Each structure stands twice: as structure tokens, then as C-alpha cells.
Amino acid sequence: MSKKRFLWFNLGLAGGLALLMVLAACSGEASLPVTATVAAPPTVNGPNRPAPTALPVPTGFPYDCSKIFCFGLAQEPVGILQGWFDPANLVDRPSLQIVRQIYETLFEFSSPGMQAKPTSLLKYPPKISPDGLTYILRLGKGLRFSDDTPLDVNAIKFNFDRWSDPGNLFHKGDFQTWATAFGGFPGNLSSVAVDEVNSTLTIKLVQPMANLFQVLAMPQFSIVAPSAFDRKSGQMVNSNGSGLYALIGKPVHGETKYAALRKNELFYKERFSPGDPAAPVVKSAVIVALVLQQKQEGLDELRRGTIAATDKIRPEQLADAARDSNIVLLDRPALNVAFLGMNVLRPPFDNIIVRQAFASALDTRSLVKEFYYGLGEPASDLLPPAVINRPTPTDLYTNDLDRARRQLEIFGYNASNPLKVDLWVLPVPRAYYPDPHKIAGAVAANLAKINVIVNVREDKEWPEFYKDRLNGSPDFYFYMFGWQGTSGDPVEFLNEFFGKIRGEGGYENPDLSALLQRAATTTALPTRTDLYHQALGIIHDQVPILPLAYSRGVVAVRPNVKGYVPNPTGVESWASVEFGVK
């Protein structure tokens, strides 16, 4: 397994979640060795780097991470804080990393790609009506949740009902992922009907939804057992799913925060016959998702042997990690994009020639080489490499400083009379902006070469920054932004920013929005790809945004970890991971 260089993957929460009352989740407790300390393994360190020393394991942590697979989470999951995992109301990656193990979705992303395919819950391929409005899904029989309650079509309908209906007793929370994907409540969902005799679920839509399978593969649409909810209050009381793992007891929110998982034997009950080669193999019977404290460095914990894998890594750790024989770095394909936004309703960005000049001035190749630690790629448009059915990417804007200067001189901007603009810096690091401050400085240096003086502004916190971007505040007309994908479909990038009449930065183009709306409802793949190709061409020519970079992510594992397959979303199954391999 080859080593690769690595990019720090910051994992901020996407939006606020109201905290629900904390109730215990019950399941059998595993009996595993208790350890007081974990010895530091032999380490090959980078030059002048002292070997990390062994640290005591906090009292009460009952798992020996030198003997079982322990994943070091980059931050505390909201699900652990709450005491249960309600997929429909979770958006933070650490929570979804656990959700991915204990629940199933009707569809799942191919490994390691993003193309949605039916899970083993579905007995036959889905049937789709010619008008793209009706989907018939047939479940297998005898399916069980981890608490041995039936996973049938009524259980699936139960989930659709709670997702889509704010008046449903079990609709507790904001369900923001449903609202975004389906356009409200119930949004694009017309009805869900069941046929118990034939184990079929019929989903009817208001209008065709080309990305339906991609959406239903997202972990937020995991199927939760109806038994996980209090029937009187509607509150979630445990985390019963049907995934390859089930929680051991409840998540622990103490000195050490973690969720322990055990192999779910009921996953196989009546679903696969003995010896069925299609049955997934769980390589680790018990795994632990361990929250790393703020002061704990992910790579140091790998070196010490207190964890076996993590995605908590900082950019300044790259040189040591690349030379360390006790660390293997695995790529997560790029499913994000960084770009510069412009308010095209106000000067100077209301003029396409000025926008073109800025595009010509940006040296994205050099920017990516200097600030993305070998895992970046210059962005030519809004669709990153991991997007499914990606049309041929548009060309990078040509870095032509002479042309850019001539364009600005048309409007009287030159060395004696420079154009002055404020650039608002993204106030939180993201995978696509590993160091927003330094990247903003590089953008300013690029634009200075064409007689543009950039005043880098860093005095807005995230809530104000996000609000001003959406509202087009007068002083907020040039800013850093980006997007992390979750479904891998072009809809979540192109339609997010330009699918409405008024798009990003106030840009209005009825032809573009019509193209994107048509693409979102067109299930014929060649037609859909061509529509997106046309849309990308319009965006490239009109320059309503300035693409900067795509960035791959990374998981770091110890050499005795095999079978870890990263997913572009950052949320992958751990069932295939084999720990302790020589």
C-alpha cells in the first residue's frame, strides 16, 4: 500500500442542531480486556522529531486499542453528546461516520466511488415508471433490525413519514437534509404506499428527480427501527438500525468519549444463505469510535498505538507523516470545490470584462501547488472529480496578466489608479481551504499584478459571514466560499448555486437556471450529461464565480490495518477493515 501526501481535513459542523433530551440506548455489553496504559510502538520518526511517549488511558475505558480497531474521531459527534444517533437530524461528519456502521440505507455508494446502487435490503432492481414519477422498491423478506424487530415495508414507510411530515409524532428536529434534497416538507414527495403481501414500497414524486437514488444513499436517510422511538412522546430513545454493526450499550460521554460497536449477527438472518458469496464479511467483530480531545494530535496517537486510524491531521504534520513507516496515508477522492464569489449586482463585478480580468489574473496552478500539500487540483468549474457522470470539465482560465491589465485599463484602472476591493476571508478552515488566510494572501498577490489592491477582511464570524453572503450585503461583494458534496450528484453543486433564477452573488440567467432545472428532472443519462455540459459552458463564459481548487482528503492508518477503503464523502464503512495484519 503506497504512502501518499496528506491534506488536513477540518470537520466543522454544518449548521446548528437543537439538542434533544438524552435517553439511554440499550444492547448487550461486550466483555473485553481492560488496559491501564498503551505502550508506544516502535516508530520511525522524521528528522529531529522526538518519539511520542506512552500516555495513560483514562480510567474506565474498557477497550484495548492495541487489540481491536479504534478510529480516532476528529471532534465530538453530536450523536454522542445527545446519547443517540438520529441520522435524519445529523450533519456533522463524526456522527455520520458512526451512523454509517449501525444503520442501512436503501441505496449505497459504490466503493470507493459515488455511484448509488441498491443495498441488500432490496431484493430486485427498482422499477421506474416511464415518466420518472413512480418508483417501486421490493424488499427481501425476513429482514430484522438489531433488536430483532421486523424490517419490512411498514418500517420503511415509517421513516419516510417522519422525514417528510412536520405533523408526524416522530418528526422531532429540523430534518434539514430532507428539506434541502426534496425542497421542503413533503416537498417533491407525493406519496409512499406499501404492499405487505409483495413486500413492495411505491414512491410517487411530484416531478422527476434524477438524483433520487444518490440522495437516498446519503447516511441521513438511514432506516431507523420504529422501536427506536417512544410511542407516546415520539422521542428517539435508542439507536436501533440494521447495519453490519450495532451499538454496545450507549455512547459514552465522560472523561473519554466514545461509541463501541459489535458485529450485528441479525444482519444475516434470512437475508443470506450459508456460504452465500454475496454476503458481506465483517473483519472486526468489535470496533470503537474514540473521540480525540482537542490537545490530542491524530498522528501522534497513531504512533503511540492508542488508535489504528484517524482523519484528524494538521498540515504541518505532513513532512513527518510522509517519512514515517508507522503511518500509511490513504486518499479520499475530491468531492469539494473552493471558489471566489462576487456580487455581480454591484461594481466592479457587474461588468463581465472585470470578472474576466480577475479570472485571467489568478494563477490557480501555483496557488494549489503552494497551499494544498500535494492533494489539491486547480478547479476549472464547480464539479469536482468525484461527481458521478461528470461531463468533460471546462478549460482552466488562461493565466494572462497582460490581457487582464488591458481589460482593466478600459475602465481607467492602472498602476496610477488601482482598483481597490475588499476580499472577505472564509472564517473557518475547510477541506477545500486548508488555510483560508494564506490562500487569501495569495489571491491578493495575484491581483496586485494587474493593479488591483485587495484589502483582506477577516472580521466576520461564520454566522454573519454566511448571512451576508446570502443577503448580498453592500460591503460583502468579493468573498471566499466553497462546497463539500454529500451525494456526489451534479445537482448538489450546480443547482445549489445556479439552479434558481437568482444564483450565487445575485447572478441571473434564465437560460442557465432552466438548463439546470431540466437536468435535475431528466433521468436519461446522455441528455442529462449534455445539459450539464452546456451549463458549465455558460458559467465559464460569464464568470459569475472564480473556481480555485478541488481537494482530496485523507485517512491515516497504521500499517497493520488492511482493507480500509476511503469514500469521497468522508463517511465510509469500517466492516472491511482488518486490524492486526502482519
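**Charges and rings in a predicted model**

Visitor: Glu104: buried or exposed?
Guide: Happy to start there, with the note that this is a predicted model. The relative accessible area of Glu104 is 8%. Buried means under 20%, so Glu104 counts as buried.

Visitor: Which residue forms a salt bridge with Glu104?
Guide: Glu104 is in the loop between helix H2 and strand S2, and its partner, 167 residues apart from it, is in the loop between strand S10 and strand S11. The closest N and O atoms of the bridge are 2.7 Å apart, and the partner is Arg271.

Visitor: Over the ring of which residue does the charged end of Arg271 sit?
Guide: Arg271 is the salt-bridge partner of Glu104. Its charged end also sits over a ring, 4.0 Å from the centre, and that ring belongs to Phe267.

Visitor: How many residues apart are Asp311 and Arg332?
Guide: Their side chains meet in a salt bridge, at 3.1 Å from N to O. Asp311 is in the loop between strand S12 and helix H7, while Arg332 is in strand S13, and the separation is 21 residues.

Visitor: Which residues join Lys460 and Glu464 in one salt-bridge network?
Guide: Lys460 and Glu464 meet in a salt bridge of 3.4 Å, N to O. Lys460 is buried at 6% relative accessible area, whereas Glu464 counts as partly exposed at 40%. Through bridges that share partners, the network also takes in Asp468 and Asp475.

Visitor: Let's turn to the rings. How many aromatic pairs does the structure hold?
Guide: One of the pairs is Phe349 with Phe478, which is tilted, with 5.1 Å centre to centre and 35 degrees between the planes. Phe349 is in the loop between strand S14 and helix H8, and Phe478 is in strand S18, 129 residues apart. Counted over the structure, the aromatic pairs come to 39.

Visitor: Why do Phe358 and Phe478 count as an edge-to-face pair?
Guide: Phe358 in helix H8 and Phe478 in strand S18 are 120 residues apart, and each has 0% relative accessible area. Their ring centres lie 5.6 Å apart, and centres must be within 6.5 Å to pair. Planes over 60 degrees apart count as edge-to-face, so the pair qualifies with its planes at 80 degrees.

Visitor: Over the ring of which residue does the charged end of Arg469 sit?
Guide: The ring belongs to a cluster linked by ring pairs, whose members include Phe339, Trp424 and Trp483. The charged end of Arg469 is 3.9 Å from the centre of this ring, that of Phe481.

Technical notes:
Residues are numbered from 1 along each chain as its sequence is written. This is a predicted model: local features need pLDDT of at least 70, side-chain atom pairs count only at pLDDT 80 or more; totals for chains, interfaces and linings use all residues. Side-chain values use heavy atoms; hydrogens and water are left out. Rings of Phe, Tyr and Trp (its six-membered ring) pair if their centres lie within 6.5 Å; planes under 30 degrees apart count as stacked, over 60 as edge-to-face and the rest as tilted. Helices (H or I, at least four residues) and strands (E, at least two) are DSSP runs, numbered from the N terminus. Buried means under 20% relative accessible area, exposed over 50%, partly exposed in between (1.4 Å probe, protein chains only). A charge sits over a ring if NZ of Lys or CZ of Arg is within 6 Å of the ring centre and within 35 degrees of the ring normal. A salt bridge is a side-chain nitrogen of Lys or Arg within 4 Å of a carboxyl oxygen of Asp or Glu.
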